[in-house]
Amino acid sequence: PAFRRFQRGYYRGYLPALAADWLQGPYLYKLYQHYRFLEGQIAILYVCGFASSVLFGLVSSPLVDRLGRKKSCLLFSLTYSVCCLVKLSRDYLVLAAGRVLGGLSTALLFSAFEAWYVHEHVERYDFPTEWIAVTFSRAAFWNNVIAVGAGGTADFFAEWLGLGPVAPFMVSIPFLVLSGVFAVKNWDENYGKKRAFSKTCGDGLKRLLSDRRVLLLGTIQALFESVVYIFIFLWTPVLDPHGAPLGVVFSGFMAASMLGSSLYRLAVSKRYHLQPV
């Protein structure tokens with residue numbers, strides 16, 4: 001029962017943050033198009049977001065450890081809320097700055113929350129480490145469910161209510177506030193080991209170059225992600241001229257992703273014994 005309570009407390013802070021993130025997926029390209037930017041200009045905005053995710057991803061772990069995991073979750077809520085508010089502007093440079101903030105927020109989302117949970121699970125409550133996988137597995141399931149729902153919700157506000165492509169970004173803000181407020185009221189602060197940034201990067205680079213399997217895996221992952229990012233950029237301009245409901249299409253993508261994850265878990269289960277090689 002104590003573990004269940006702790007687990008629910010984590011989900012109440014983490015899942016609204018994921019909901020806010022997914023709500024922004026279906027209408028980002030459409031919003032820039034609505035502001036009458038050219039495809040090349042929109043591509044640069046996308047690159048700003050992706051590049052900032054790479055740069056902030058390098059420093060997010062040391063930053064989170066030094067600043068504190070709870071404070072980092074609050075910083076995420078703040079920066080992502082500002083990123084959403086910036087979408088109201090039609091100024092190109094302001095929107096580019098918003099994409100940079102979005103990259104920082106994404107890096108924090110996928111580092112601070114999990115780091116906070118693992119520390120509390122192991123250090124404060126001393127629950128069995130095997131249970132960490134249970135929490136993250138359920139979080140992944142609910143992440144997929146939320147992603148499917150977010151597409152429909154974004155479509156409802158943007159199209160059905162006629163509020164336009166900026167509406168889903170405004171709807172994200174209450175979820176971000178909810179996540180931050182819950183963390184402030186219910187989570188304790190924790191910190192990681194303070195390590196020099198140069199040493200952290202140096203150790204990572206050494207491991208990358210010393211083990212051929214790690215280098216190959218990283219290369220394959222990078223190639224796969226590049227295909228995904230090209231797809232993320234192109235699906236809206238390909239489908240939107242045909243009048244496709246973007247939010248519903250996005251939900252379809254997320255449902256297919258959830259189905260793929262389920263099929264993979266079934267394939268590697270004891271019943272079928274299929275193994276990746």
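**Close-up views of a predicted model**

**View 1. Arg124 and Glu120 sit together in helix α6, 4 residues apart, or about one turn of the helix.** Helices here are DSSP runs of H or I with at least four residues, strands are E runs of at least two, and numbering starts at the N terminus. This is a predicted model, so local features are kept only at pLDDT of at least 70 and side-chain atom pairs only at pLDDT 80 or more, while totals for chains, interfaces and linings use all residues. Residues are numbered from 1 along each chain as its sequence is written, and side-chain values use heavy atoms, with hydrogens and water left out. Arg124 and Glu120 form a salt bridge, with 2.6 Å between the closest N and O atoms; the term means a side-chain nitrogen of Lys or Arg within 4 Å of a carboxyl oxygen of Asp or Glu. Arg124 is partly exposed at 41% relative accessibility, whereas Glu120 is buried at 1%. (Buried is under 20% relative accessible area, exposed is over 50%, and partly exposed is in between, using a 1.4 Å probe and protein chains only.) Shared partners link Glu120, Arg124 and Asp188 into one network of salt bridges.

**View 2. A salt bridge joins the side chains of Lys30 and Asp240, 2.9 Å from N to O.** Lys30 belongs to helix α2 (residues 28–34) and Asp240 to the loop between α10 (212–239) and α11, so this pair ties together parts that are 210 residues apart in sequence. Lys30 comes out as partly exposed, at 23%; Asp240 is buried, with a relative accessible area of 18%. By the same rule, the count for the model is 6 salt bridges. Another of them pairs the side chains of Arg213 and Asp211 at 3.2 Å, N to O, and Arg213 is exposed at 65% relative accessibility.

**View 3. Ser111 occupies the loop between α5 (92–109) and α6 (112–124).** It's a buried residue, with a relative accessible area of 12%. The side chain of Ser111 reaches back to the backbone oxygen of Ala107 at 2.7 Å. That kind of polar contact is a pair of N or O atoms within 3.5 Å; within protein, one has to be able to donate a hydrogen and the other to accept it, and residues adjacent in sequence count only if both atoms are side-chain atoms. Setting aside neighbours within four places in sequence, Ser111 is in contact with Ser60 and Val64, where contact means heavy atoms within 4.5 Å. The unreviewed UniProt entry lists several stretches as "transmembrane region", among them 100–119 and 166–184. UniProt positions follow the numbering used here, feature names are shortened, and annotations may be inferred rather than shown by experiment. In the model, residues 100–119 are 90% helix and 0% strand, with 29 Å between the end C-alpha atoms. Residues 166–184 are 95% helix and 0% strand, and their end C-alpha atoms lie 28 Å apart.

**View 4. Phe3 lies in helix α1.** Phe3 is buried, at a relative accessible area of 9%. Not counting residues up to four places away in sequence, Phe3 touches Tyr117, His121, Phe127, Trp131 and Thr135. Tyr125 is 122 residues away from Phe3 in sequence, yet their C-alpha atoms are 8.5 Å apart in space.

**View 5. Asp126 has a positive phi, about 55°, although it is not a glycine.** Asp126 falls in the loop between α6 and α7 (130–160). With 62% relative accessible area, Asp126 is exposed. His273 also has a positive phi, near 60°, and is likewise a residue other than glycine. You'll find His273 in the segment after α11 (246–267), where it counts as exposed at 56%.

**View 6. The largest pocket holds about 1,500 Å³ of space.** It has 37 lining residues, with Asp21, Trp22, Val228, Tyr229 and Ile232 nearest its centre. Elements giving two or more residues to that lining are α1 (2–23), α3 (39–67), α4 (69–86), α5, α7, α10 and α11. Helix α10 provides the largest share, 9 residues. On a 1 Å grid over the protein atoms alone, a pocket is an open set of points where a 1.4 Å probe fits, with protein on both sides within 12 Å along at least five of seven lines; lining residues have an atom within 4 Å of a point. Grid points are joined across faces, edges and corners, and the volume is the space filled by probe spheres set on them.
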